[in-house]
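Visitor: I am new to this structure and would like to know what stands behind the words used for it. Please show it to me.

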Amino acid sequence: MRHIIAVLLENEPGALSRVVGLFSARGYNIETLTVAPTEDASLSRMTIVTQGSEDILEQITKHLNRLIEVVKVIDLTEAEYAERELMLVKVRAVGKDRDEMKRMADIFRGRIIDVTERTYTIELTGDTRKLDAFLAALDRAAILETVRTGSCGIGRGERILRV
């Protein structure tokens, strides 16, 4: 089962390394990882997407809570949450393909952020399924380069991750 884990941790050197080390030492895979400072510069918020059973997730949560730098851990997938990911994709856009690429970007509510004689760079945001669907809708030969941020998520309603 796919889980999105939100971790509030102290913003100090080595904290990220210790979290990643915890996963690798136990053989757990991190599918995506995003981290950035919060509104409080002394804290960072980390979003980890991983796969595993409820037992594995319980073990991950227990191990994370034992780390000195970790302030709080929640599994966003336990309740309603909003998830987004950013993707930049550079595509071949020559001749009649230019109109087709623009149409595809419009259909998926993407924005063309860079244009050259031979390429478009398209920015898309959405959940992972939407971004995967966009890539699947394109001719593989047209995709020149893809960059994805990984998922970030936040609980819906009154559910917050704070000290």
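Guide: What follows is a set of questions about the terms applied to this predicted model.

Visitor: What makes up the protein, in helices and strands?

Guide: The protein contains 4 helices and 9 strands. Along the sequence they follow the pattern β-α-β-β-α-β-β-α-β-β-α-β-β. The C-alpha trace spans about 60 × 35 × 35 Å along its principal axes.

Visitor: Why is Leu57 called buried?

Guide: Buried means under 20% relative accessible area. Leu57 has 6% relative accessibility, so Leu57 counts as buried. Leu57 is part of helix H2.

Visitor: Which residues is Leu57 in contact with, leaving aside its neighbours within four places in sequence?

Guide: They are His3, Ile5 and Asp75. A contact requires heavy atoms within 4.5 Å. As for Tyr28, its C-alpha is 9.8 Å from that of Leu57, and the two residues are 29 apart in sequence.

Visitor: How much of the protein counts as buried?

Guide: Of its 163 residues, 37% do. The accessible surface comes to about 9,500 Å², and carbon and sulfur atoms account for 51% of that.

Visitor: Which residues of helix H1 are buried?

Guide: In H1, residues 15–25, they are Ala15, Val19, Leu22 and Phe23.

Visitor: What covers the buried residues of H1?

Guide: The cover includes strand S1 (2–10), strand S3 (43–51) and helix H2 (54–66). After H1 comes Gly27, with a positive phi near 75°.

Visitor: What makes strands S2 and S3 a pair?

Guide: Two strands pair if there are at least two bridges between them. S2, residues 32–37, and S3 have 6 bridges, in the antiparallel sense, so by that definition they pair. One of the bridges can be named by its residues: Val35 has Met46 in S3 as its partner. The two strands are joined by a hairpin through 5 residues.

Visitor: Why are the buried residues of helix H3 said to line one face?

Guide: In H3, residues 97–107, the buried residues are Met101, Met104 and Ala105. Seen down the axis of H3, they fall within an arc of 100°, so they line one face of the helix. Asp99 and Ile107 are exposed on the other side of H3.

Visitor: What covers the buried residues of H3, and what comes just after this helix?

Guide: Strand S5 (81–92), strand S6 (111–115), strand S7 (119–126) and helix H4 (128–137) are included in the cover. Just after H3, Arg109 has a positive phi of about 55°.

Visitor: How many of the contacts between residues at least 6 apart in sequence join residues at least 24 apart?

Guide: The share is 74%.

Visitor: How many positive and negative side chains are there?

Guide: There are 24 positive and 26 negative side chains, and the centres of the two sets are 3 Å apart. Lys and Arg count as positive, Asp and Glu as negative.

Notes. Residues are numbered from 1 along each chain as its sequence is written. This is a predicted model: local features need pLDDT of at least 70, side-chain atom pairs count only at pLDDT 80 or more; totals for chains, interfaces and linings use all residues. Side-chain values use heavy atoms; hydrogens and water are left out. Buried means under 20% relative accessible area, exposed over 50%, partly exposed in between (1.4 Å probe, protein chains only). The arc is that of the directions from the helix axis to the C-beta atoms. Accessible areas come from the Shrake-Rupley method with a 1.4 Å probe; for residues, only the protein chains shown count as cover. The place of a charge is taken as NZ of Lys, CZ of Arg, CG of Asp or CD of Glu.
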